[in-house]
Amino acid sequence: AHGMVGSDASTENVQISNSIIEDIGGSYLKETTRYGNGIEFYGTDAVDITVKNNVIRNVYDVGFTIQGTAGSGDNVLVKGNVFVSNSQDSEIWENGSATGVRGYEFTNNISVNAGRGWGYEARPDKYVAGHILFWQYLIEEDTDINFHHNIVYNPRRLYFIEQTNGTN
């Protein structure tokens, strides 16, 4: 299903580095709903998280994500990683009682073939494929999310912002 998951009420002071995370996901949640992320922080207050110098490839859904109907992200650094052939490389998905993402830095990463891996071929919702995905991000105030100094080669698209559910 997922490679690594932080899902307690609070997940703090985590460093994931020098790892290879590959061939993740595609599990069935329901008859037709599939899922699977490389590194996922779900419904948790993810605080002081560093993800650096990893190779994250061939992931059905997203290489790195902060998501859920509760929780937040504070001081999250995703730096110096290589992302290859994931459906998405970075996703922010929060709604419900989630409180937003602050201090998120996605920097100095290399992305190759975002949205062009096996996950794209297998998934029914092909429109979400790309380097960056924002899904149901409803929090407007106190948001600080930065993408800079990344090299992105041959993506299906650079970003997709889902708007049908009110993403701001």
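This is a predicted model: local features need pLDDT of at least 70, side-chain atom pairs count only at pLDDT 80 or more; totals for chains, interfaces and linings use all residues.

Reader: How many helices and strands does the protein have?

Author: The protein has one helix and 18 strands.

Reader: What makes the protein as compact as a globular protein of its length?

Author: Its radius of gyration is 14 Å. The globule rule gives 15 Å for 168 residues. The two values are close, so the protein is as compact as a globular protein of that length. The C-alpha trace spans about 35 × 35 × 25 Å along its principal axes.

Reader: What share of the residues is buried?

Author: Buried residues make up 46% of the 168. The protein exposes about 7,800 Å². Carbon and sulfur atoms supply 47% of that area.

Reader: Which strands form the open sheet, and in what order?

Author: Five strands, in the order β3-β8-β11-β14-β17. Their pairing is parallel. Neighbouring strands in this sheet are turned by 10° against each other on average, direction ignored.

Reader: Why are β3 and β17 said to stand at the edges?

Author: β3 (20-24) and β17 (151-153) each have a single partner strand, so one side of each is left without a neighbour in the sheet.

Reader: How do you know that β8 and β11 pair?

Author: Pairing needs at least two bridges between the strands. β8 (residues 55-59) and β11 (residues 82-84) have three bridges, in the parallel sense. Ile-56 has Phe-83 of β11 as its bridge partner.

Reader: Why is Asn-86 called buried?

Author: Buried means under 20% relative accessible area. Asn-86 has 0%, so it counts as buried. Asn-86 is in the loop between β11 and β12 (88-94).

Reader: Is Thr-44 buried or exposed?

Author: Thr-44 is buried, because its relative accessible area is 2% and the limit is 20%. Thr-44 lies in the loop between β6 (39-42) and β7 (45-52). Its side chain makes a polar contact with the side chain of Thr-11, at 2.9 Å. Beyond four places in sequence, the contacts of Thr-44 include Gly-6, Asp-8, Ala-70 and Ser-72.

Reader: Why is Asn-58 called partly exposed?

Author: The class runs between the 20% and 50% limits. Asn-58 has 23%, so it is partly exposed. Asn-58 sits in strand β8. Leaving aside neighbours within four places, Asn-58 is in contact with Asp-23, Ile-24, Val-84, Ser-85, Asn-86 and Trp-118.

Reader: Why is Asn-18 called exposed?

Author: Exposed means over 50%. Asn-18 has a relative accessible area of 63%, so it is exposed. Asn-18 is in the loop between β2 (10-17) and β3. Its phi is near 55°, a positive value in a residue other than glycine.

Reader: What is the phi of Asn-113?

Author: Asn-113 has a positive phi of about 60°, although it is not a glycine. Asn-113 lies in the loop between β14 (110-112) and α1 (118-122).

Terms used. Residues are numbered from 1 along each chain as its sequence is written. Side-chain values use heavy atoms; hydrogens and water are left out. Helices (H or I, at least four residues) and strands (E, at least two) are DSSP runs, numbered from the N terminus. Axes are lines fitted to C-alpha atoms, for helices over the stretch in contact, and angles run from 0 to 180 degrees between N-to-C directions. The radius of gyration is taken over C-alpha atoms; the globule rule is 2.2 Å times the number of residues to the power 0.38. Buried means under 20% relative accessible area, exposed over 50%, partly exposed in between (1.4 Å probe, protein chains only). Accessible areas come from the Shrake-Rupley method with a 1.4 Å probe; for residues, only the protein chains shown count as cover. A polar contact is a pair of N or O atoms within 3.5 Å; within protein, one must be able to donate a hydrogen and the other to accept it, and residues adjacent in sequence count only if both atoms are side-chain atoms. Contact means heavy atoms within 4.5 Å.
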